[in-house]
Amino acid sequence: MPKRYITVSVDDGALEDPRAADLLRKHGLKATFYIPAKNPERAVMAPATIREIAKDFEIGGHTVNHISLHSLSDRQAQAEISEGKKWLDDLLGQASVSFCYPQGKFNRKTPSLVQAAGFLGARTCLFNLHSVPANPFLWGLTTHACDHSAAIQARHALIEGNLRGLRNFFFIYNLATGWRDHFARGMEHVDRHGGIVHLYFHSWEIDQLGQWGALDAALASAARRGFASVTNGDLFRQWAELKGELTGY
């Protein structure tokens, strides 16, 4: 496996996602778009648009209704996960392997439900991480493309028990609160020590905050690093192959 990776996630399947896809193509970066069948908060792209994005990027599962899974019963959560996968697989005509927890919320049982649905791995919202997880259904990430105060980042880490991420926030990120600075520090760390730098964003949020220029610059900087650009599914497959668990994909 190459020593240094760059991976990008785009969440929610918002109507602004094609603009994000254009920027990623411009800089030659792979990405995973996590798309729910429906979203009560905002419109989801039409099926034809999703298929167009799927020509160049990975599409991952994000449930049926974009509901936080941690507060649902096991039966309800399983239905959201598995029915969302069936919708996506039918739409694309192939098996999806990547999942992302809506709003990053999950409980002790949720990862096993994602595995039972047939996914190879799942991405969380555990920040400030660059390493391969012991559990492939608990992949962390580096940076969310949105500014967060130091207090919010520390609180987020403590609530989720992400002690490694909290330590990294102090000693690698130096309490960086601006997302571009934060992302740059993550890339510098991976450049020096190896690992995975993982940027995630919402196209709708980038649009609301007027951050398209900043995103363009950040992706350009990432592309210049020369890291191996991979989708989340690429990482999940490699994890499974190394563990001898890859079957049927």
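## A buried arginine and its partner

R123 is buried, with a relative accessibility of 0% (buried means under 20% relative accessible area, exposed over 50%, and partly exposed in between, with a 1.4 Å probe and protein chains only). The structure is a predicted model, in which local features need pLDDT of at least 70, side-chain atom pairs count only at pLDDT 80 or more, and totals for chains, interfaces and linings use all residues. Residues are numbered from 1 along each chain as its sequence is written, and side-chain values use heavy atoms, with hydrogens and water left out.

The side chain of R123 forms a salt bridge with that of D11, at 3.0 Å from N to O (a salt bridge is a side-chain nitrogen of Lys or Arg within 4 Å of a carboxyl oxygen of Asp or Glu). D11 lies in strand β1 and R123 in strand β5 (residues 121-123), so the bridge ties together parts that are 112 residues apart in sequence. D11 is also buried, at 3% relative accessibility.

## Overall fold

The protein chain has 10 helices and eight strands (DSSP runs numbered from the N terminus, with helices being H or I of at least four residues and strands E of at least two). Its radius of gyration is 17 Å, close to the 18 Å that the globule rule gives for 249 residues, so the chain is as compact as a globular protein of that length. The radius is taken over C-alpha atoms, and the rule is 2.2 Å times the number of residues to the power 0.38.

The C-alpha atoms fill a box of roughly 40 × 35 × 35 Å along the principal axes. Of the 249 residues, 53% count as buried. Among contacts with a separation of 6 or more, 72% join residues 24 or more positions apart (contact means heavy atoms within 4.5 Å).

## Salt bridges involving helix α7

The count of salt bridges comes to 15. One of them joins the side chains of R4 and D191, at 3.8 Å from N to O. This pair links distant parts of the chain, with R4 in strand β1 (residues 4-11) and D191 in helix α7 (residues 179-193), 187 residues apart. R4 is partly exposed at 26% relative accessible area, and D191 is partly exposed at 29%. A network of salt bridges links R4, E188, D191, R192 and R225.

Another salt bridge joins D181 and R185, whose closest N and O atoms are 3.1 Å apart. Both residues lie in helix α7, four residues apart, or about one turn of the helix. D181 is partly exposed at 37% relative accessibility, and R185 is partly exposed at 27%.
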